[in-house]
Amino acid sequence: MGMSKNRAGSDKSAIAQTQCWLKTVIVEHDFCPFAKRELERGSIRYSVDHSNDLASALQVVIDECVYLDNNEATETTLLIFTQAFNRFDGYLELVELAQALLTDQGYAGTYQLASFHPDYCFADAEQDDAANYTNRSPYPMLHLIREVSMEQALKHHPDPEAIPERNIEYARELGQEEMQRQLEACCKIDE
């Protein structure tokens with residue numbers, strides 16, 4: 001059975017919003033110094049998931065690992081959840097269980113997870129802290145990263161340990177209002 005036209009349209013919209021965010025927030029502000037290369041190479045997979053329960057979402061995480069196993073030209077996957085995990089606390093449960101599942105399924109050391117959410121808030125931060133925008137995205141997302149590629153990229157970075165602190169400082173310099181404006185602009189993209 002084929003995908004409905006509505007769902008296909010919503011997938012295109014979710015991917016367009018995610019690509020906008022990746023280009024204008026993550027790459028433009030150098031929050032991930034490795035993203036630009038993969039974006040330019042076209043090696044990022046955008047996978048949209050419409051499940052609305054935890055078990056289905058966890059199965060999709062493993063399905064994406066299998067996809068990466070079988071498609072070496074794809075460097076990384078952004079798994080975009082359009083129907084579930086809108087509440088940040090529920091999303092954190094997904095992240096925790098997905099990490100445990102990767103370990104349980106033998107993927108620890110092969111893939112690592114990075115997490116992004118529209119309401120992302122670091123444990124020691126206030127909700128309106130601009131630093132949270134380094135991990136805020138148009139949709140709840142899990143980013144599956146090839147561990148070996150990350151290790152290689154980090155070898156060529158002059159100070160990888162300083163990346164998170166630099167990102168926090170830079171986001172705070174830009175300010176909460178500007179970071180919110182940029183994220184909202186991407187959320188308005190419709191294909």
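This briefing describes the sheet, the disulfide and several individual residues of one protein structure.

The model is predicted, so local features need pLDDT of at least 70 and side-chain atom pairs count only at pLDDT 80 or more, whereas totals for chains, interfaces and linings use all residues. Residues are numbered from 1 along each chain as its sequence is written, and side-chain values use heavy atoms, with hydrogens and water left out. Four strands form an open sheet, and the structure holds one disulfide.

**The sheet**

- The strands of the open sheet follow the order β1-β2-β4-β3, with mixed pairing; strands (E, at least two residues) and helices (H or I, at least four residues) are DSSP runs, numbered from the N terminus.
- At the edges stand β1 (44–49) and β3, each with a single partner strand, so one side of each has no neighbour in the sheet.
- From one strand to the next, the twist averages 20°.
- Strands of a sheet pair through backbone hydrogen bonds, either parallel or antiparallel.
- Two strands are said to pair if DSSP finds at least two bridges between them.
- Strands β1 and β2 run parallel and are joined by six bridges; Asp49 has Phe81 in β2 as its bridge partner.
- Strand β2 (residues 76–81) pairs with β4 in the antiparallel sense over five bridges, and Leu78 has His143 in β4 as its bridge partner.

**Helices packed on the sheet**

- Helix α4 (residues 88–104) packs on the sheet and touches β2, β3 and β4; contact means heavy atoms within 4.5 Å.
- The direction of α4 makes about 175° with that of β3; axes are lines fitted to C-alpha atoms, for helices over the stretch in contact, and angles run from 0 to 180 degrees between N-to-C directions.
- Helix α5 (residues 147–155) also packs on the sheet, where it touches β3 and β4, and its direction makes about 75° with that of β4.
- A right-handed β-α-β unit is made by β1, helix α3 (residues 54–70) and β2.
- A crossover is right-handed if, with the strands pointing away from the viewer, the path from the first strand over the helix to the second runs clockwise.

**Cysteines**

- The disulfide joins Cys20 to Cys186, with an S to S distance of 2.4 Å; a disulfide is a pair of cysteine sulfur atoms within 2.5 Å.
- The torsion about the S-S bond of Cys20 and Cys186 is about -65°, so this disulfide is left-handed.
- The pair links distant parts of the chain, 166 residues apart: Cys20 belongs to helix α1 (residues 5–27) and Cys186 to helix α7 (residues 176–187).
- Both Cys20 and Cys186 are buried; buried means under 20% relative accessible area, exposed means over 50%, and partly exposed lies in between (1.4 Å probe, protein chains only).
- Cys65 is in no disulfide, and the nearest cysteine sulfur, that of Cys32, is 18 Å away; Cys65 is buried because its relative accessible area is 0%.
- Cys121 is likewise in no disulfide, the nearest cysteine sulfur being that of Cys187 at 17 Å; Cys121 is buried because its relative accessible area is 18%.

**The loop between β3 and β4**

- Thr134 lies in the loop between β3 (111–116) and β4 (141–146), and Thr134 is buried because its relative accessible area is 8%.
- A polar atom of the Thr134 side chain lies 2.9 Å from the backbone oxygen of Ala131.
- Not counting residues up to four places away in sequence, Thr134 touches Ile26, Phe31, Phe116, Phe122, Asn167 and Ala171.
- Pro118 is found in the loop between β3 and β4, and Pro118 is partly exposed, with a relative accessible area of 26%.
- Residues touched by Pro118, not counting those up to four places away in sequence, are Arg136, Ser137, Pro138, Tyr139 and Pro140.
- The C-alpha atoms of Pro118 and Met141 are separated by 9.0 Å, although the two residues are 23 residues apart along the chain.

**Residues with positive phi**

- Asp30, in the loop between α1 and α2 (35–41), has a positive phi of about 60° although it is not a glycine.
- Asp30 is partly exposed, with a relative accessible area of 37%.
- Phe85, in the loop between β2 and α4, has a positive phi of about 65° although it is not a glycine.
- Phe85 counts as buried, at 12% relative accessibility.

Notes
Polar contact = N/O pair within 3.5 Å; in protein donor to acceptor, adjacent residues only side chain to side chain.
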